[in-house]
Amino acid sequence: MSEAELQQKATTADSAAKPTVSIERELTQAQANLIEINGLNKWYGQFHVLRDIDLNVRKGEKIVICGPSGSGKSTLIRCINCLEEHQQGSIVVDGTRLTNDLKNIETIRREVGMVFQQFNLFPHLTILENCTLAPIWVRKQSRKDAEKLAMEYLERVRIPDQALKYPGQLSGGQQQRVAIARSLCMNPEVMLFDEPTSALDPEMIKEVLDVMIELAQEGMTMICVTHEMGFARTVADRVIFMDEGQIIEQAPPEEFFNNPRSERTQKFLGQVLNH
Amino acid sequence: MIEQELKMIPAREPPKMAVGTIAWLRGNLFTGPLGTAAILLIIYGLILTVPPLVQWLFLDATWFGASSEACDREGACWAFITARLDQFIYGFYPSEEYWRPNLFFAQLAVLVGWLSIKSTPWKKWVLGYSLVIMPVVSWFLLYGDIFGLAKVDTHQWGGLMLTLLLALCGMIASLPFGVLLALGRRSDMPVIRSLCTAYIELWRGVPLITVLFMASVMLPLFMPVEVSFDKLLRAMIGIIMFQSAYMAEVVRGGLQAIPKGQFEAFDSLGLSYWQGMIMIVLPQAMRLVIPGVVNTFIALFKDTSLVLVIGLFDLLAIIQAGLNDPKWLGNSIEGYLFAGFVFWIFCFGMSKYSQRLEQQLHQGH
């Protein structure tokens with residue numbers, strides 16, 4: 001399939017995936033879009049990683065992004081909090097347009113929580129200190145308030161008893177749950193998950209997914225890059241399939257899994273689901 | 001049948017020959033004909049050398065006396081050291097003011113003790129005092145000319161006191177400068193990056209002896225005549241600038257070992273560059289570079305003896321000067337042994353302290 005055809009297909013799939021209701025909403029509730037990405041392009045040197053990405057995320061919406069490795073899905077969500085710079089297009093988060101201005105970037109990062117594949121906890125700080133650091137120094141909360149908030153979130157991810165340990169003393173699943181709590185302590189508007197379960201043993205994947213499902217049920221806006229298709233089915237409002245730096249297809253989960261439009265998506269789902 | 005197969009195997013004692021003294025001897029000393037021969041040879045060598053050495057160093061040694069005449073030539077002449085000990089420690093500092101360097105030494109000992117004993121409180125404050133206030137206090141204490149203290153000019157300073165001063169100032173000042181230079185060299189801003197790189201490459205490429213000559217001979221040529229800049233101060237600044245370049249490279253090694261994820265994590269939490277560096281990256285990086293930093297400190301401590309080329313009398317220089325005293329001719333072995341011993345004590349102390357620090361800061365990752 002040529003690239004032009006693919007793009008054609010992608011756009012048709014895109015428009016087809018959006019039910020009329022959502023178009024209506026876009027007209028009446030343009031404000032309700034928490035994240036608006038328009039015409040996003042990114043290159044690593046000569047390599048074109050993200051190609052003409054358009055993506056709107058409403059408040060409270062849960063989006064799962066899947067696709068083969070190297071398709072640019074991680075890069076896309078890393079652009080949202082400016083861990084990666086983009087070269088063309090615009091990203092607006094909660095009314096703030098992402099520019100090169102450092103103040104602007106820090107404002108957006110305060111509103112966007114991120115959970116990494118490798119947890120990235122701070123190994124020299126205790127679990128509690130990991131969670132209170134940013135609220136104290138960025139949100140200027142008092143130590144007492146920050147600790148109270150941190151303990152609340154640690155309870156919600158079910159590890160309050162580990163608060164005084166160091167990350168190195170915890171299992172992978174526990175560390176990832178701490179990482180989620182650490183992000184939540186900043187009261188973000190949206191949470192980005194970059195393959196949160198890929199580095200975990202099978203036994204620990206469930207405990208992390210359970211926390212994420214709970215979070216979704218509480219109405220958090222979430223964008224998850226993941227290969228956990230079960231999670232996508234349960235939680236997602238919209239599943240996005242990416243390949244070669246473009247959004248190939250997006251649809252609600254039932255439609256996406258039962259009735260994929262593009263050949264590429266069918267092939268991918270065939271490989272992911274049937275084994 | 002199946003239940004029997006599933007029975008767990010209990011832990012058992014290791015076989016006799018794997019543990020215990022005999023196993024240790026077999027494993028480490030007598031590991032075969034060649035190993036056994038080597039061990040026996042070493043034991044024979046020790047029997048030949050150690051007893052005469054002890055005889056010379058201690059048993060036949062003369063400990064006190066007024067000149068070389070008093071010494072028995074069979075043993076070491078430690079009288080040379082004991083008779084001139086004051087000078088070796090204080091240089092030409094006036095003897096009625098010895099309490100001031102003594103106070104300085106005492107302060108140093110208390111601080112080092114405080115910081116190395118695990119259970120003492122207020123460690124952060126004590127560390128802050130040692131790094132910021134202590135050098136200033138020490139300067140005024142030793143130099144005087146304030147609070148009714150008699151002025152003691154820096155050309156009268158010498159011996160161990162001077163060695164410690166130079167080394168301490170070099171260590172305390174080079175660490176923060178080194179950290180800044182290392183951060184600068186990894187900066188995204190091209191101007192800062194090239195400036196720091198140029199500084200490091202320039203100072204690292206010049207021998208310390210050249211730096212000291214420059215500081216003592218060349219620098220005054222560029223200064224207006226009215227500005228007379230203390231020679232000791234110039235040497236100190238030279239040492240600090242030189243040492244900062246080395247420190248920067250050691251610290252940079254640590255910075256590079258911090259995974260990219262740590263930077264991304266503090267970025268994504270909204271922490272600023274400096275917040276992230278000070279609270280996340282540097283604490284981890286500094287822990288990694290303790291061995292390298294202490295290595296640099298030890299090298300610096302020994303390098304301070306180079307100040308003798310610009311006419312400052314540190315411990316080694318003052319011992320050398322003492323060797324030329326007609327009363328004490330022929331004691332160079334004792335003099336140099338003593339100098340080596342004192343240097344070794346301090347360097348070994350630093351090394352032990354750093355090992356302790358590494359253990360204390362280890363958090364199982």
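A: Start with a definition. Ala, Val, Leu, Ile, Met, Phe, Trp, Tyr, Cys and Pro count as nonpolar. Asp, Glu, Lys and Arg count as charged, and the others, Gly among them, as polar. Keep in mind that this model is predicted.

Q: How do the residues lining the second largest pocket divide into nonpolar, polar and charged?

A: Sort each lining residue into its class, then read the tally. Here the lining of the second largest pocket has 15 nonpolar, four polar and ten charged residues.

Q: How much space lies in that second largest pocket, and which residues lie nearest its centre?

A: The second largest pocket holds about 1,100 Å³ of space. Its lining has 29 residues. Nearest the centre are B:Asp188, B:Phe263, B:Asp267, B:Tyr273 and B:Met277.

Q: Which elements supply at least two residues of its lining?

A: Look at both chains. Chain A supplies α4 (102–111), while chain B supplies α7, α11 (260–268) and α12. The largest share, five residues, belongs to α11(B).

Q: What describes two packed helices?

A: Two values do it: the angle between the axes and the distance between the axes.

Q: Is the crossing of α5(B) and α7(B) left-handed or right-handed?

A: α5(B) passes α7(B) in a left-handed crossing. Next, see who touches whom. From α5(B) come B:Pro101, B:Phe104, B:Phe105 and B:Leu108. They meet B:Met161, B:Leu164, B:Leu165 and B:Leu168 of α7(B). The tally for this contact is eight nonpolar, no polar and no charged residues.

Q: At what angle do α7(B) and α10(B) pack, and how far apart are their axes?

A: The angle is about 45°, and the axes are 5 Å apart. Therefore α7(B) is oblique to α10(B). The crossing of α7(B) past α10(B) is right-handed. This contact has 20 nonpolar, five polar and three charged residues.

Q: At roughly what angle do the axes of α10(B) and α12(B) cross?

A: The axes of α10(B), residues 231–257, and α12(B) cross at roughly 115° and come within 8 Å. This crossing is right-handed. On α10(B), the contact uses B:Val251, B:Gly254, B:Leu255 and B:Ala257. On α12(B), it uses B:Val281, B:Leu282, B:Ala285, B:Met286 and B:Leu288. The classes here are eight nonpolar, one polar and no charged.

Methods. Residues numbered from 1 in each chain as written. Chains lettered and ligands numbered in written order. Predicted model: local features only at pLDDT ≥ 70, side-chain atom pairs only at ≥ 80, totals over all residues. Heavy atoms only, no water. 1 Å grid on protein atoms, 1.4 Å probe; cavity = no way out; pocket = protein on both sides within 12 Å on 5 of 7 lines; lining within 4 Å. Points joined across faces, edges and corners; volume = space filled by probe spheres on them. Helix = DSSP H or I, 4+ residues; strand = E, 2+ residues; numbered from the N terminus. Axes fitted to C-alpha atoms, helices over the stretch in contact; angles between N-to-C directions. Left-handed = near helix turned anticlockwise from the far one by under 90°. Contact = heavy atoms within 4.5 Å. Parallel < 35°, antiparallel > 145°, perpendicular 65-115°, else oblique.
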